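I would like to see how the parts of the chain are arranged beside one another.

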Amino acid sequence: MITRTRLAAGACALLAALAAGMAFPAGAVAGEPTGEDAPKVDLVLDVSGSMRTRDIDGGTRMAAAKQAFNEVLDATPEEVQLGIRTLGADYPGDDRKTGCKDTAQLYPVGPLDRTEAKTAVATLSPTGWTPIGPALLKAADDLDGGNGSKRIVLISDGEDTCAPLDPCEVAREIAAKGIGVTIDTLGLVPNTKLRKQLSCIAEATGGTYTSVQHTDELTDKVNQLVDRAADPVVTPVATEGADACAKAPTLKSGLYTDREEFGQQRWYRVDVEPGQELRASVSVGADRAVNPSYGVLLRAVTVHGREIVRGEAAGNGRTDVLSTGLRYPKAESDDDDAAAEAVCLQVTNSFSVASGVKTSPGLPLELTVDVVDGPSDSDDVAAFGLGRGWWLLGALILVGFVAGLLWGWLSRWRLAVWRTN
């Protein structure tokens with residue numbers, strides 16, 4: 001088990017260097033946004049009976065949601081295809097089986113007709129159950145197709161009432177499909193259980209959770225999330241690592257996602273030409289309750305099993321994501337026909353869970369691979385250690401030396417004047 005916490009600082013510094021030095025080639029690479037399809041957003045609104053409660057700015061939760069939606073619809077960018085899905089809006093009865101099917105598309109995801117969408121929102125009235133899990137499954141289907149960004153924004157004031165279909169497990173299933181859907185959640189009640197459930201849903205897909213208790217906060221946050229969907233994003237490419245280097249898939253520069261079972265090894269291959277540098281980083285997320293003390297190891301090895309370089313990080317239960325990275329510059333060759341070197345990347349984790357916690361599907365893994373021209377100049381950080389930091393260090397030493405001489409001379413002069421007087 002990897003437990004050396006002193007490696008965390010080094011891993012963070014390495015990841016910062018990777019982020020600063022990341023430069024994908026001009027051509028399209030794995031995970032690079034193509035911009036061919038419009039971004040899609042599906043607003044999923046809880047219309048269950050509890051939305052009648054009057055505790056938001058003197059009005060009902062439903063009234064606050066309607067006002068926020070009207071303002072959001074006015075501000076939605078033209079390029080965003082937006083839809084609205086409801087849960088608990090149609091069935092007022094007591095039959096749980098029927099109530100847990102109560103989710104419908106109020107306005108289809110597509111080019112926005114603001115008047116039509118506002119009219120649809122105006123008809124809503126708090127009614128029934130809170131089938132969050134079924135609604136998320138349907139919302140993912142609403143966004144299916146295309147390669148643009150896809151975002152679900154869930155607004156709810158209560159926990160799911162349709163267990164055992166756990167909405168957190170539903171979110172993990174959606175993430176495991178690799179269709180690039182991000183789920184953001186907003187809670188209208190400062191409730192601990194609601195916060196835990198909505199946080200879990202968001203974290204499973206890389207989204208965010210926010211607690212809002214005022215109409216203007218709800219409006220601002222939903223607007224922010226809709227605008228974020230219009231920003232160009234990199235959608236990870238789903239891949240499947242092997243259990244050995246010889247069987248590993250060969251990856252190009254890009255962003256990849258995979259699933260890794262507890263204690264499992266995943267292998268990937270990258271071809272590195274002479275004079276190039278391989279930069280890789282990996283993040284493994286704990287999307288369920290795990291035991292404290294865990295680690296992640298990323299190794300670059302030759303096809304014959306010799307380790308080239310490694311990066312590792314350890315955690316103690318205070319974070320849900322653990323990341324590390326590495327860099328491997330391959331030396332230039334005098335042979336113009338020299339073949340590329342196949343470098344194997346091995347990802348290992350030491351997460352563990354208590355009895356009764358599901359171990360399948362595996363933990364979500366995100367791998368960044370970048371192959372760039374290697375360092376050649378002495379001021380390159382990889383080749384020169386501190387890079388330009390050496391110049392700063394030298395300047396500080398020189399200034400300190402000169403300041404010391406001046407202070408010594410001034411002190412002796414003052415002493416001589418004092419003695420004379």
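The paragraphs below go from the whole chain to its sheets, its helices and a pair of rings.

This is a predicted model, in which local features need pLDDT of at least 70 and side-chain atom pairs count only at pLDDT 80 or more, while totals for chains, interfaces and linings use all residues. Residues are numbered from 1 along each chain as its sequence is written, and side-chain values use heavy atoms, with hydrogens and water left out.

The chain holds 10 helices and 17 strands, where helices (H or I, at least four residues) and strands (E, at least two) are DSSP runs numbered from the N terminus. Of its 421 residues, 44% are buried, a word that stands for under 20% relative accessible area, with exposed meaning over 50% and partly exposed in between (1.4 Å probe, protein chains only). If we take the contacts between residues at least 6 apart in sequence, 76% of them join residues at least 24 apart; contact here means heavy atoms within 4.5 Å.

We can now turn to the sheets. Strands of a sheet pair through backbone hydrogen bonds, either parallel or antiparallel, and two strands are counted as paired if DSSP finds at least two bridges between them. Strand β4 (residues 81-87) runs antiparallel to β5, and 5 bridges join the two; Leu87, for instance, has Thr103 in β5 as its bridge partner.

The axes of α7 and helix α6 (residues 167-176) come within 8 Å and cross at roughly 5°. That angle makes α6 roughly parallel to α7, since angles under 35 degrees count as roughly parallel, over 145 as roughly antiparallel, 65 to 115 as roughly perpendicular and the rest as oblique. Among the residues that make this contact are Cys168 and Ala171 of α6 and Cys200 and Ile201 of α7.

Another open sheet has 5 strands in the order β9-β10-β17-β12-β15, again with mixed pairing, and its edge strands, β9 and β15 (321-329), each pair on one side only. Strand β10 (residues 254-260) is mostly covered, with 6 of its 7 residues buried. With β9 (residues 237-238), β10 pairs in the parallel sense over 2 bridges, and Val237 stands opposite Tyr256. With β17, β10 pairs in the antiparallel sense over 7 bridges, and Asp258 stands opposite Leu365.

Which rings form an aromatic pair? A search of the whole structure finds 1 such pair, formed by Tyr294 and Phe351, which are stacked at 4.5 Å centre to centre with 20° between the planes. Rings of Phe, Tyr and Trp (its six-membered ring) pair if their centres lie within 6.5 Å, and planes under 30 degrees apart count as stacked, over 60 as edge-to-face and the rest as tilted. The pair links distant parts of the chain, with Tyr294 in strand β13 (residues 294-301) and Phe351 in the loop between β16 (341-349) and β17 (363-373), 57 residues apart. Both Tyr294 and Phe351 are buried.

Definitions and conventions. Axes fitted to C-alpha atoms, helices over the stretch in contact; angles between N-to-C directions.
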